[in-house]
Amino acid sequence: MKNARPALAVMLAAWMASPLAGQDARIKIDVDRTIGEVSDLIYGNFVEHLGRCVYGGIYDPGSPMADENGFRKDVMEAVKDLNVTLARYPGGNFVSNYHWLDGVGPWDERVPRLELAWSTMESNQFGTNEFMKFVREVGTEPYFAVNMGTGTIEEAQRWVEYCNVAEGPYYAELRKKHGFEEPHNIQYWSLGNEMDGFWQIGHLNAEDYCKKAREAAKMMRLTSPGIKLIAAGSSNYRPNADPNAWNAAVLAELRDVVDYIALHIYVGNPDNNYYNYMSTPLVCEDRTQIVKGMILKEMEQAERGERDPIYIAWDEYNVWYRARTSADMMGNRALEEHYNLEDALVIAGFLNVFVRNADVVKIANMAQLVNVIAPIFTSEDELFRQTIYFPLQLFSEHMHGTSLDLHVECETYDTEQFFIGLAESTTRQEDVPYLDASATYRDGEVVLCVVNRQMEEPVTTEIISQEGSFKGEFRVYEVNGPDIKTMNDFGSEPVKTVQKENIRVRGDRFTYTFPPHSFTLLKGTIE
Ligand code: AHR
């Protein structure tokens, strides 16, 4: 007993001196430590002719829920509430065997085609003009992908002419004949989809892709000079693929003609290991950093002032691993993934990555929008919002302005080597922080997003402002649920955003306890 007191005192002194004394974690916000402007276009989605995304999703003319254009009114409301900033269309793998002319003009003259990417029939009743009506209705910027598989560079040019040229040439006049007097003015165009993937119809090697994409870009820009072009970056992370070589080649060959390089990532939890799964957004962050390095190298080698910077477009990201067996992939109910709370936390993690890398990630599209690996899910007469809807909605509503370089001190963990999804690469992550955070600052208002990856434990966190004091009240929004496996369904959305009681703050610090398996958004003022 004699030695007990000194030992206790020593332990106490050590504990007092430890950086996290009295707290589990600490987040320091410094409004002067900035990363870059958060692009509104990181809150995009994706509409592909696949399963029930278009037909039976956004477009269902026979439905009592449809408006005069055949659009589902309940879907439009849910899309508007999601604040979707950018909608990529029409694929995906679909686009590599899609001829846009099949989908314009009088409905009774449109011919159905065999659709080979997903082994189905495409009726072509929904096409360019229907999509444009839809995005204008829901207030979203369109982003088109051209066919670099079976399509020609001339076909790509003609689509740009049809959409963007006011009058004169044949395809501009054709649009007018189809009832669209004004051009659609589509600003964002990608040069094909996943052209490095052996599964892609018309798959090319890097050299052939770059040659074709360069010539398509030339014709498309000559037709509509202001457009932004996105090159198809790597999507093939299978063990025998070399995604870095593909990205390096694309950037080296196309750096003077493209504005973005597109990257895709899908993750999952096939082994049912929560902590491994929670780390998967860090794979996206690693890949972002690698491609950022390649972009910087190319920009350095480009002649000074040769062109604007190149950015990353994560134009497909999501959780996708359950509805991925061959039977589920095809047909009308393809890729109907049903999400749970842990999936929503992973989505919040992806969004944190995009904000933390706001200097280089300027476009992101959750794949997809309705029914097909989607945040919105319909039946013939009902709709529910999947768990992944809620973090995306919170980010797109609140996370704007300048991204801040946070300092986060918290406990960490290491994962084992694991598959990040099906048929994907493996990873092993070290020092995964239990708190995953990002923040934005605009006009004195700071917004902090935090995922607590702890499955069982709350994390009590001291939140410190390095420059200026917190003032007034912080609003608190939380996405959580009874259990990490909790799912939403028709008539039941247990995982959703809940606004908690405001917290009064004064001075340069306050304490907040993040509940286990939660995503929290805190919004307040620093002055
Ligand atoms: O989003 C589903 C599919 O995933 C897309 O069609 C393709 O681009 C990717 O492989």
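**View A. Leu114, Leu116 and Met121 make a nonpolar surface patch of about 350 Å².** This is a predicted model, where local features need pLDDT of at least 70, side-chain atom pairs count only at pLDDT 80 or more, and totals for chains, interfaces and linings use all residues. Residues are numbered from 1 along each chain as its sequence is written, and side-chain values use heavy atoms, leaving out hydrogens and water. To join a nonpolar patch, side chains (Val, Leu, Ile, Met, Phe, Trp, Tyr) must lie within 5 Å and belong to residues with over 30% relative accessible area and no salt bridge; that bridge means a Lys or Arg side-chain nitrogen within 4 Å of a carboxyl oxygen of Asp or Glu. Areas come from the Shrake-Rupley method with a 1.4 Å probe. Met121 sits in strand β6 (residues 120-122), strands being DSSP runs of E, at least two residues, numbered from the N terminus. Met121 counts as exposed because its relative accessibility is 54%, and the cut-off for exposed is over 50%.

**View B. Here's Arg88, a buried residue in a strand.** Arg88 belongs to β4 (residues 86-89). With a relative accessible area of 1%, Arg88 is buried, a label for anything under 20%. Its side chain makes a polar contact of 3.5 Å with that of Asp315; such a contact is a pair of N or O atoms within 3.5 Å, one able to donate a hydrogen and the other to accept it.

**View C. Four strands line up as β16-β1-β23-β26 in an open sheet with mixed pairing.** Strands pair if DSSP finds at least two bridges between them. β16 (407-409) and β26 (509-514) are the edges, each with a single partner strand, so one side of each has no neighbour in the sheet. From one strand to the next, the twist averages 20°. β1 (residues 25-29) pairs antiparallel with β16 over 3 bridges, and Lys28 has His407 of β16 as its bridge partner.

Conventions. Axes are lines fitted to C-alpha atoms, for helices over the stretch in contact, and angles run from 0 to 180 degrees between N-to-C directions. Patches are made of residues with over 30% relative accessible area and no salt bridge: like charges are joined within 9 Å, nonpolar side chains (Val, Leu, Ile, Met, Phe, Trp, Tyr) within 5 Å. Buried means under 20% relative accessible area, exposed over 50%, partly exposed in between (1.4 Å probe, protein chains only).
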